[in-house]
There are 2 protein chains.
Amino acid sequence: MKRDQASKAGDMEHQYECLSLGMAQPLRRKSSKREVILIKAASMFKDKGFAASSMRDLAETVGIEAASLYNHIKSKSEILQEIIFHAATECNVHLEEVDVEEKSSLKKIEEIIRFHVRMMLNRFEEYHVMTHEWIHLSEPHLTNFIGQRRSYVQRLEAIVEQGIKNKEMKPVVPYVAVLTILSAVRGLEFWHRSQKKYSPQQMEDNMVMHLITGLQA
Amino acid sequence: MKRDQASKAGDMEHQYECLSLGMAQPLRRKSSKREVILIKAASMFKDKGFAASSMRDLAETVGIEAASLYNHIKSKSEILQEIIFHAATECNVHLEEVDVEEKSSLKKIEEIIRFHVRMMLNRFEEYHVMTHEWIHLSEPHLTNFIGQRRSYVQRLEAIVEQGIKNKEMKPVVPYVAVLTILSAVRGLEFWHRSQKKYSPQQMEDNMVMHLITGLQA
DNA sequence: CCTACCGATCGGTAGG
DNA sequence: CCTACCGATCGGTAGG
């Protein structure tokens, strides 16, 4: 089962890497073992951290021997890269969409908050790995990730700045507002670990309200 | 050059470490090697995570052999416990103080936010280890920590609930508000890693404003 | 996809 | 506080 055609960058490859959710994932032709490995790895990295997760444990949850993992992935490090940059790309794609919309800055920020809350609620494993385990990325990738993150933050800052200029938002330091928003969302990990007394919708709406009205002029 | 007198815990020992290390550490009576180990460990655990930090690396930054660490600490695990429960205790002590004050709920929450922001700014290493590495606590301690954290959150929820009852705060779900606040503060880790364009005071005031006005009735 | 196995490194102990 | 060293486990490879 060769996967070399992945280098043919021309195709659509709509299916190209949909490790997306650890959910049901119904119709899937070539939902390769590779995807299963990535999904199980994301879950394991979230639970125990990257460094404390062993390839042997991962192999066991996948149902093969450790050595066999290397037929699907190049290294432990590559698994981390795949998970993190997959999630990061989704964030960037979403921001691209929001950025070109004809909406108020406040509305844009609200949509971005809702996006992150939903990532945290529905794609917990990958998102958690991205936000907590990026430090274990190996070197060209670490620098790359930090750069992507910084530029993402700067683009959000620009939206906030615009909002201030338009008098939609109070005159905060945009950098602080963006950090506050992006980090607040991470608190939902405790909702995940709890008995879930509140619905995802309640969590989302309350968090959005708290963060948005704190910003409103 | 024998250093056995380190066990004579009575003396002043102002000179105790100044020659070999460039470290300043001024007035400190019995600032035992143990403390040095804990401080260096906190910094290392923050940088690389608990699991990826080796006792050999830690020993090197302390300036002794790995085996010698065990004259001061029982195990790697014990180091983590010390760091985390030390920070956790400070949070609990602070909450105790705030809780008995005769202030509005909103003011209490503000003080709690300021406390956490300052912990994040001034005691970054320990606080970061507590918030990010608690998952690596070994077993009676892990359950203990989770229990302490839950009860801490519940006490903050009670303050918010009181604030809603008093019409100081808008009717949010207290649980969500508390998660939002406690997590937002963690975003300051990126300020630490940045070039610090903004002062600690700016960070604190802006974050407090964002989170408090988002809560205000 | 497996068996067999490598060198490196881990946390920790013995004994002085 | 050190030297010497233990058993366990790690990520990964060879070869089929």
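## The surface near DNA strand C

The residues of the surface near DNA strand C (near: a heavy atom within 4 Å) comprise five nonpolar, six polar and four charged ones. Here Ala, Val, Leu, Ile, Met, Phe, Trp, Tyr, Cys and Pro count as nonpolar, Asp, Glu, Lys and Arg as charged, and the others, Gly among them, as polar. This is a predicted model: local features need pLDDT of at least 70, side-chain atom pairs count only at pLDDT 80 or more, and totals for chains, interfaces and linings use all residues. Residues are numbered from 1 along each chain as its sequence is written, chains are lettered from A and ligands numbered from 1 in the order in which they are written, and side-chain values use heavy atoms, with hydrogens and water left out.

## Atoms that meet the DNA

A polar backbone atom of Glu65(A) lies 2.7 Å from a phosphate oxygen of DNA strand C.

## Two domains of chain A

Chain A is divided into domain 1 (4–69) and domain 2 (76–213), with bounds from an automatic or database domain assignment. Domain 1 of chain A gives 19 residues to the contact and domain 2 of chain A gives 17, where contact means heavy atoms within 4.5 Å.

Between these domains there are two salt bridges (a side-chain nitrogen of Lys or Arg within 4 Å of a carboxyl oxygen of Asp or Glu). Glu78(A) forms a salt bridge with Arg34(A), with the closest N and O atoms 3.2 Å apart.

Conventions: A polar contact is a pair of N or O atoms within 3.5 Å; within protein, one must be able to donate a hydrogen and the other to accept it, and residues adjacent in sequence count only if both atoms are side-chain atoms.
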